[in-house]
Amino acid sequence: GVAWAPFWLGSNREIAWLINAGYFGTLLLAFEAVLLLGRRRHAVALKRVAYPAAIFVAICVWIAVQASTGIPAWLENSIYQYGRETFRIDISGSITINRVLTYMALLRLLTQGAVFWLFLQLGRSPQRAHWTVQAVAIIGMAYAIYGIVAFFVFPGTILWLAKYAYLDSVTSTFINRNSYATYVGIGLVCALA
């Protein structure tokens, strides 16, 4: 999953996030089911991260409220009232203008929360933590090698798609060179560690 996430344009497309959410969500459910069926405890109890978990849940609830159409009219974005008056049709209103993007942001946040929870639970042993750092370094190196090869062999494309920006920069499978620089920097830090 960690190796897949940057592949599809740095997960900069909705389909990539849907795949990430499905993959990591399934892993999280499987992990929790194994613990439940085996009557085992979490390596890190929820009470140890209660405050950050409460803030995380509050943010998720707030995002859902923003996209909800069941809110009072005085909380709705004024664009909905304008649309009702202009088009003379009943439009369900919400705080957010674009509910699809708001739900997509919630999906991304929940996916990141699932990844965090899995790494918190599974990365407790020094050996697993070391393997994780090594894996990130190796994955980062593989994307760097691909990026350099792609830059010289087929510089006008990202994977099989046409590249419209940053033709003079190595971007590997990312669209934005700054996003790729951040990613390869994380891999470099892991490799140096």
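Predicted model: local features only at pLDDT ≥ 70, side-chain atom pairs only at ≥ 80, totals over all residues.

Biologist: Which residues does arginine 84 form salt bridges with?
Modeller: One is glutamate 76, where the closest N and O atoms are 2.8 Å apart, and another is aspartate 90, at 3.9 Å from N to O. As a general point, side chains of opposite charge can pair when their charged atoms come close.

Biologist: And those two partners, glutamate 76 and aspartate 90, buried or exposed?
Modeller: Glutamate 76 is buried, as arginine 84 is, whereas aspartate 90 has a relative accessible area of 73% and is exposed, because exposed means over 50%.

Biologist: How many salt bridges turn up in the whole structure?
Modeller: The search finds two.

Biologist: What about the charges in general, how far apart are the mean positions of the positive and negative ones?
Modeller: The chain has 14 positive and 6 negative charges, and their mean positions lie 18 Å apart.

Biologist: Changing topic, what's the order of helices and strands?
Modeller: There are six helices and two strands, and along the sequence they follow the pattern α-α-α-α-α-β-β-α.

Biologist: Where does alanine 162 sit?
Modeller: Alanine 162 belongs to strand β2, which covers residues 161–162, and with 43% relative accessibility it counts as partly exposed. If we set aside neighbours within four places in sequence, alanine 162 is in contact with Gly156 and Thr157. Between alanine 162 and phenylalanine 174, which are 12 residues apart in sequence, the C-alpha to C-alpha distance is 12 Å.

Biologist: Zooming out, what radius of gyration does the chain have?
Modeller: The chain has 21 Å, while a compact globule of 193 residues would have a value near 16 Å. Taken along the principal axes, the C-alpha atoms fill a box of roughly 60 × 55 × 25 Å.

Biologist: And what share of the residues is buried?
Modeller: Buried residues make up 27% of the 193 in the chain. As for the accessible surface, the total is about 12700 Å², with 69% of that belonging to carbon and sulfur atoms.

Biologist: Last one: what share of the contacts between residues at least 6 apart in sequence join residues at least 24 apart?
Modeller: For this chain, that share is 57%.

Key
Residues numbered from 1 in each chain as written. Heavy atoms only, no water. Helix = DSSP H or I, 4+ residues; strand = E, 2+ residues; numbered from the N terminus. Rg over C-alpha atoms; globule rule 2.2 N^0.38 Å. Buried < 20%, exposed > 50% of the residue type's maximum accessible area, 1.4 Å probe, protein only. Contact = heavy atoms within 4.5 Å. Areas by Shrake-Rupley, 256 points an atom, 1.4 Å probe, with all protein chains shown as cover. Lys, Arg positive; Asp, Glu negative; His and termini not counted. Charge placed at Lys NZ, Arg CZ, Asp CG, Glu CD. Salt bridge = Lys/Arg side-chain N within 4 Å of Asp/Glu carboxyl O.
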